[in-house]
Amino acid sequence: MERNYKTGLPTDGNLFYEEKLICQTIELPWLNNSTSISCIPEGRYKLHRCFSKKFDWHLGIENVTNRRFITIHPANDALKELRGCIAPVTEIIRTGIGLDSKHALKKLLDLVGPEFKKGNSIYLTIKPSNSTLL
């Protein structure tokens, strides 16, 4: 996943699998990994499937430094719906605002589901895009 940072604004990104764009992402701004108000640090994270009444099937992100319960779940407005998690979206219409998050998550789950069934580990690597901080 490649992030596009904008000082003081939510973080938008692109999620790739084998160099193919799967969906876009929205997150909170980078605020030094502060709980509930910041996106998580860049790095490589193991994913797992999880279920909740609120989000149905989604993905958990393991071993995030100083954070708990970070997931990839549906949301269309980073500032109103996220507390440090990542939301996949089909399209970003404004910084931190996306469309059709449930559809984007389903596309992602359909992609990784067979790998989980095979017992394979799935990892998410978060890094900055080639663009500079705006």
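User: What is the order of the eight strands in the open sheet, and what is their pairing?

Analyst: In this predicted model, the eight strands of the open sheet follow the order 6-5-4-10-1-2-3-7, and the pairing is mixed.

User: What makes strand 6 and strand 7 stand at the edges?

Analyst: Strand 6 (71–72) and strand 7 (87–89) each have a single partner strand, so one side of each is left without a neighbour in the sheet.

User: What links strand 4 and strand 5?

Analyst: A hairpin through three residues joins strand 4 to strand 5, and these two strands pair in the antiparallel sense over six bridges. Within this arrangement, F51 stands opposite W57 in strand 5.

User: What does helix 2 touch when it packs on the sheet, and what angle does its direction make with that of strand 5?

Analyst: Helix 2 (residues 101–117) touches strand 2, strand 3 (20–27), strand 4 (43–52), strand 5, strand 6, strand 7 and strand 10 (122–128), and its direction makes about 70° with that of strand 5. The buried residues of helix 2 are S101, A104, L105, L108, L109, V112, G113 and F116.

User: How do you know that the span of helix 2 agrees with what its 17 residues should give?

Analyst: At 1.5 Å a residue, the 17 residues of helix 2 should span 24 Å, and the end C-alpha atoms are 24 Å apart, so the two values agree. Just after helix 2, G119 takes a positive phi of about 85°.

User: Why is N14 called buried?

Analyst: The relative accessible area of N14 is 19%, and buried means under 20%, so N14 falls within the buried class. N14 is placed in strand 2 (residues 11–17), and, leaving aside residues up to four places away in sequence, touches M1, E2, N4, L21, C23, Q24 and T25.

User: What makes the approach between the side chains of N14 and Q24 a polar contact?

Analyst: The side chains of N14 and Q24 are joined at 3.4 Å, and a polar contact requires a pair of N or O atoms within 3.5 Å, one able to donate a hydrogen and the other to accept it; the pair is therefore listed as a polar contact.

User: Why are S38 and N33 called buried?

Analyst: S38 has a relative accessible area of 0% and N33 has one of 11%; the cut-off for buried is under 20%, so both residues are buried. S38 lies in the loop between strand 3 and strand 4, and N33 also has its place in that loop.

User: Which backbone atoms do the side chains of S38 and N33 reach?

Analyst: The side chain of S38 reaches the backbone nitrogen of N33 at 3.1 Å, whereas a polar atom of the N33 side chain lies 2.8 Å from the backbone oxygen of T65.

Conventions: Residues numbered from 1 in each chain as written. Predicted model: local features only at pLDDT ≥ 70, side-chain atom pairs only at ≥ 80, totals over all residues. Heavy atoms only, no water. Helix = DSSP H or I, 4+ residues; strand = E, 2+ residues; numbered from the N terminus. Buried < 20%, exposed > 50% of the residue type's maximum accessible area, 1.4 Å probe, protein only. Contact = heavy atoms within 4.5 Å. Pairing = 2+ DSSP bridges. Axes fitted to C-alpha atoms, helices over the stretch in contact; angles between N-to-C directions. Expected span 1.5 Å × (residues − 1).
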